[in-house]
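Please follow this account with the sequence and the three-dimensional view side by side.

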Amino acid sequence: MGQSFLATALVVCCTGIPCFGQYKSPDQKVSTIVSAISTDYITNILKTLEAFGTRNILSSQEDPHRGVGAARRWIYAQFSSFSPRLEVSYDPYRVKKIEARNSRVPRDVDLYNIIAVLPGKLHPEQRILITAHYDTLVLAGPTGASLANGETAPSADPDTDSPGVTDDGSGVACVLELARVMSQYEFDKTLVFITFAGEEEGLLGSTLYSAKAQRENHKIEAVLNNDIIGFTVSGNGRISDHRVNLFSDDPSDSPSRTLARYAREIGERYVPSMQVDLEFRADRFGRGGDHTPFALEGFGALRFSSPEEDYSHEHTSTDTFEHTSPPYIARVTQLNAAIAASLAWAPTAPVVTEEVERNGQKTNQLLLTRGESRYDAHLSWKHENPEPDLAGYAVVMRRTTSPYWEREVFVGQKTEYTLPDVQIDEWVFGVKAVDKDGNESLATPYVPPARVKRVVEVY
Ligand SMILES: [Zn+2]
């Protein structure tokens with residue numbers, strides 16, 4: 001019954017827009033990618049990564065079978081084998097020794113992020129990143145997060161067995177599997193698959209890469225970071241094998257939070273067996289991940305992570321294949337596939353501000369007013385070079401206290417819309433662009449400008 005209501009509603013709404021019957025239903029191309037994710041392939045990656053013994057950044061660079069160098073060359077070769085259209089490269093850095101008690105970088109070290117780029121056809125400048133870290137760490141002494149006094153816990157000898165199958169072989173398997181499957185397709189936007197190094201020593205590889213991306217004015221729409229996506233049973237026996245946590249930093253309409261809302265809706269549409277739980281905080285308590293340097297640079301960045309961690313295996317020599325769940329990793333990989341493919345085929349997001357001159361100064365004015373009546377919600381937006389397959393725009397809204405978009409109106413190819421008698425102070429509004437296959441852009445939120453602290457002079 002729900003379905004027939006929906007079908008009727010769509011027919012009424014789509015008068016004159018033949019494609020709109022597909023809005024909110026899965027795009028066949030995206031579904032095909034999601035169903036191509038292979039648990040067997042993921043299993044092979046995990047076992048190969050485990051067999052390198054350790055991937056600590058201070059382990060051997062030269063040994064052909066053991067250590068971080070052998071692992072790096074194998075990941076590079078994997079990326080290179082998928083498609084001639086994937087542009088594979090090392091992103092190398094010479095990191096200086098870090099002087100500190102228990103320093104995990106006690107000497108100068110060379111780091112190599114490994115990057116595979118699948119250039120977009122229509123908007124090659126727009127990038128979507130799917131990331132994980134391939135380095136591993138075993139701690140000396142008690143495991144877990146930081147020491148109680150806030151100091152870094154010391155690393156064991158770098159040649160100690162450090163298989164890192166869940167942390168973060170699981171994320172690397174996700175990134176490699178997505179590169180394998182997605183490189184068989186052409187997308188409108190550019191997909192960038194990255195495995196970082198030096199995460200365990202303080203997010204070194206991702207910090208250096210994200211700063212460079214900012215300096216070079218990269219347009220990064222999304223960073224999907226996967227770190228510890230293999231545990232389904234926590235150390236105290238709690239089980240979650242069809243649920244994943246998705247961390248995004250405040251404020252409530254930050255680029256990361258906007259992306260998180262998108263990821264939940266699209267992920268659950270294509271992988272209905274999975275529950276995507278948004279966590280409205282940057283990361284787990286006292287813990288870090290490679291999405292954070294991107295968020296600090298102003299990009300929308302998320303962390304997928306298992307809700308059930310087993311601290312008895314993390315950062316120890318028992319983070320092995322037998323303690324991870326390839327089917328669960330495959331489901332989280334499917335979520336990434338749906339989100340990245342939808343976004344990479346979707347139009348770019350509309351812009352909801354306009355540059356105006358005020359008192360000789362250029363400022364961005366929000367395109368939201370109370371309309372001529374002064375009691376309506378009047379929204380307008382800009383969309384440069386709209387895609388040839390654009391179906392139109394959808395206005396979304398939610399109460400200021402609500403976590404998710406609650407209402408949605410498809411308005412066709414207009415670039416303004418009035419919601420009569422709607423009190424704008426009580427709602428958050430957004431607008432997104434939708435293509436003829438039903439692929440949705442991120443919703444651009446109408447965010448009021450930040451308040452500025454005033455100084456009042458007195459005499
Ligand atoms: Zn990790």
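This is a predicted model: local features need pLDDT of at least 70, side-chain atom pairs count only at pLDDT 80 or more; totals for chains, interfaces and linings use all residues.

**A guided reading of the model**

Asn359 lies in the loop that links strand 9 (353-358) to strand 10 (361-366). Asn359 is not a glycine, yet its phi is positive, near 50 degrees. With a relative accessible area of 78%, Asn359 is exposed, because the threshold for that class is over 50%.

His315 sits in the loop between strand 8 (301-305) and helix 9. Is His315 buried or exposed? Its relative accessible area is 10%, so His315 is buried, the limit being under 20%.

The bond from Asp167 to Asp168 is cis, its omega being near 0 degrees, and Asp168 belongs to helix 5 (residues 165-182). The bond joining Asp250 and Pro251 is cis as well, with omega about 0 degrees. Pro251 is placed in the loop between strand 6 (243-247) and helix 7. As background to these positions, most residues other than glycine have a negative phi, and most peptide bonds are trans.

What does Phe79 touch, not counting residues up to four places away in sequence? Its partners are Leu86, Val88, Ile114, Ala116, Val175, Leu176, Ala179, Phe193 and Thr195.

The packing of helices around Phe79 comes next. The axes of helix 4 and helix 5 come within 9 Å and cross at roughly 20 degrees. Angles under 35 degrees count as roughly parallel, and the two helices are therefore roughly parallel to each other. Helix 4 contributes Trp74, Ile75, Gln78, Phe79 and Phe82 to the contact, while helix 5 contributes Val172, Val175, Leu176, Ala179 and Arg180. By class, these residues divide into eight nonpolar, one polar and one charged.

Helix 4 (residues 68-82) also meets helix 3 (residues 39-51), their axes coming within 12 Å and crossing at roughly 155 degrees. This angle is over 145 degrees, and helix 3 and helix 4 are therefore roughly antiparallel. On helix 3 the contact is made by Tyr41, Ile45, Thr48 and Leu49, and on helix 4 by Trp74, Ile75, Gln78 and Phe82. Six of the residues in this contact are nonpolar, two are polar and none is charged. Trp74, Ile75, Gln78 and Phe82 of helix 4 take part in the contact with helix 3 and also in the contact with helix 5.

A further pairing involves helix 9. Helix 7 (residues 255-270) and helix 9 have axes that come within 8 Å and cross at roughly 115 degrees. The range for roughly perpendicular runs from 65 to 115 degrees, and the two helices are therefore placed in that class. Helix 7 passes helix 9 in a right-handed crossing. The contact is formed by Leu259, Tyr262, Ala263, Ile266, Gly267, Glu268 and Tyr270 of helix 7 with Leu335, Ala338, Ile339, Ser342 and Leu343 of helix 9. Nine of the residues in this contact are nonpolar, two are polar and one is charged.

Pro119 lies in the loop between strand 2 (109-118) and strand 3 (123-133) and is partly exposed, at 32% relative accessibility. Pro119 and Lys189 are 70 residues apart in sequence and 7.0 Å apart, C-alpha to C-alpha. Leaving aside neighbours within four places in sequence, Pro119 is in contact with Arg85, Glu87 and Thr190. Val456, in the segment after strand 17 (444-445), is exposed, with a relative accessible area of 61%. Val456 and Pro92 are 364 residues apart in sequence and 51 Å apart in space, C-alpha to C-alpha.

Conventions
Residues are numbered from 1 along each chain as its sequence is written. Side-chain values use heavy atoms; hydrogens and water are left out. Contact means heavy atoms within 4.5 Å. Axes are lines fitted to C-alpha atoms, for helices over the stretch in contact, and angles run from 0 to 180 degrees between N-to-C directions. Helices (H or I, at least four residues) and strands (E, at least two) are DSSP runs, numbered from the N terminus. A crossing is left-handed if the near helix is turned anticlockwise from the far one by less than a right angle, and right-handed if clockwise. Ala, Val, Leu, Ile, Met, Phe, Trp, Tyr, Cys and Pro count as nonpolar, Asp, Glu, Lys and Arg as charged, and the others, Gly among them, as polar. Buried means under 20% relative accessible area, exposed over 50%, partly exposed in between (1.4 Å probe, protein chains only).
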